[in-house]
Amino acid sequence: IASLMSAIYSGHTGHLVFDTLHAQSAVGGLTRMEIMGADRRLIADASLVIGLVSQRLVQTLCPHCSIPWSEMVRILPEEQRDYLEKYCTEEGVCSPVNLRFHNPEGCEHCQQKLSTGRTISAGLTGRTSIVEIVDTDARFMDRWLSHGTGAARQYWISKGGITRRMHLLRLLNQGLVDPLA
């Protein structure tokens with residue numbers, strides 16, 4: 001709590017403070033600060049908390065050897081195929097036909113070998129973030145204070161906010177990440 005309060009008081013005196021906090025979502029960070037002991041009215045100052053970010057790191061697929069949906073759909077168990085068709089179908093955002101999957105064999109573009117000769121990172125090229133970035137304002141904070149996290153989140157989405165789920169669907173549609181990973 002001492003670190004949190006120091007950050008809040010520093011922000012109130014005009015200092016720019018960046019900090020990390022474990023929460024389920026970007027908006028959930030506000031509730032997490034409250035649970036840690038900060039006063040709701042201090043947290044809800046839109047000039048103090050000017051943004052909230054939530055991110056998850058995921059591995060990126062090799063564009064040269066990742067397996068397309070057209071090949072994978074034939075070997076996927078029915079339950080997995082149905083799940084992907086249901087949750088990866090979002091009009092104008094994601095379609096299962098654009099999904100790509102990890103190739104554990106890799107290729108000359110993505111295979112990395114240790115000095116021992118053991119192959120690592122086959123089929124993968126790095127990592128990327130799945131993010132949601134909430135640009136807070138007075139109305140957002142007022143909704144959070146008076147109606148809770150859900151109402152504040154819905155307000156942010158109605159202003160064009162992109163949730164982690166939507167960001168993930170975009171990355172899946174681009175074939176950058178494996179939907180089964």
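Contact means heavy atoms within 4.5 Å. The structure shown is a predicted model, in which local features need pLDDT of at least 70 and side-chain atom pairs count only at pLDDT 80 or more, while totals for chains, interfaces and linings use all residues. Residues are numbered from 1 along each chain as its sequence is written, and side-chain values use heavy atoms, with hydrogens and water left out.

View 1. Ser66 is found in the loop between E1 and strand E2 (67–68); helices (H or I, at least four residues) and strands (E, at least two) are DSSP runs, numbered from the N terminus. Ser66 counts as buried because its relative accessibility is 5%, where buried means under 20% relative accessible area, exposed over 50%, and partly exposed in between (1.4 Å probe, protein chains only). With neighbours within four places in sequence left aside, Ser66 is in contact with Leu61, Arg100, Phe101 and Asn103. The side chains of Ser66 and Arg100 make a polar contact of 2.6 Å. A polar contact is a pair of N or O atoms within 3.5 Å; within protein, one must be able to donate a hydrogen and the other to accept it, and residues adjacent in sequence count only if both atoms are side-chain atoms.

**View 2. Ser54 in strand E1.** Strand E1 spans residues 52–61 and contains Ser54. Ser54 has a relative accessible area of 5% and is therefore buried. Its side chain is joined to that of Arg164 by a polar contact of 2.5 Å. Beyond its neighbours within four places in sequence, Ser54 is in contact with residues including Gln24, Ile130 and Glu132.

View 3. Helix H6 (residues 138–147) has the buried residues Phe140, Met141 and Trp144. These residues lie on the same side of H6 because they cover an arc of only 95° around the axis, the arc being that of the directions from the helix axis to the C-beta atoms. An α-helix has 3.6 residues a turn, so residues three or four places apart point the same way. The face turned away from the buried side carries the exposed residues Ala138, Arg139 and His147. Among the elements against which the buried residues of H6 pack are helix H2 (28–35), E1 and helix H7 (149–158). Asp137 caps the N-terminal end of H6, with a side-chain oxygen 3.2 Å from the backbone nitrogen of Arg139. Just after H6, Gly148 takes a positive phi of about 95°.

**View 4. The largest pocket.** About 1000 Å³ of space lies in this pocket. A pocket is, on a 1 Å grid over the protein atoms alone, an open set of points where a 1.4 Å probe fits, with protein on both sides within 12 Å along at least five of seven lines; lining residues have an atom within 4 Å of a point. Its volume is the space filled by probe spheres set on the points, which are joined across faces, edges and corners. The largest pocket is lined by 30 residues, and Phe18, Asp19, Thr20, Gly51 and Leu52 lie nearest its centre.

**View 5. The second largest pocket and Leu168.** The second largest pocket has a volume of about 360 Å³. Of its 18 lining residues, Leu168, Leu172, Asp178, Pro179 and Ala181 are the closest to its centre. Helix H8 gives the largest share of this lining, 4 residues. Leu168 is found in helix H8 and counts as partly exposed because its relative accessibility is 30%. Not counting residues up to four places away in sequence, Leu168 touches Ile130 and Val177.
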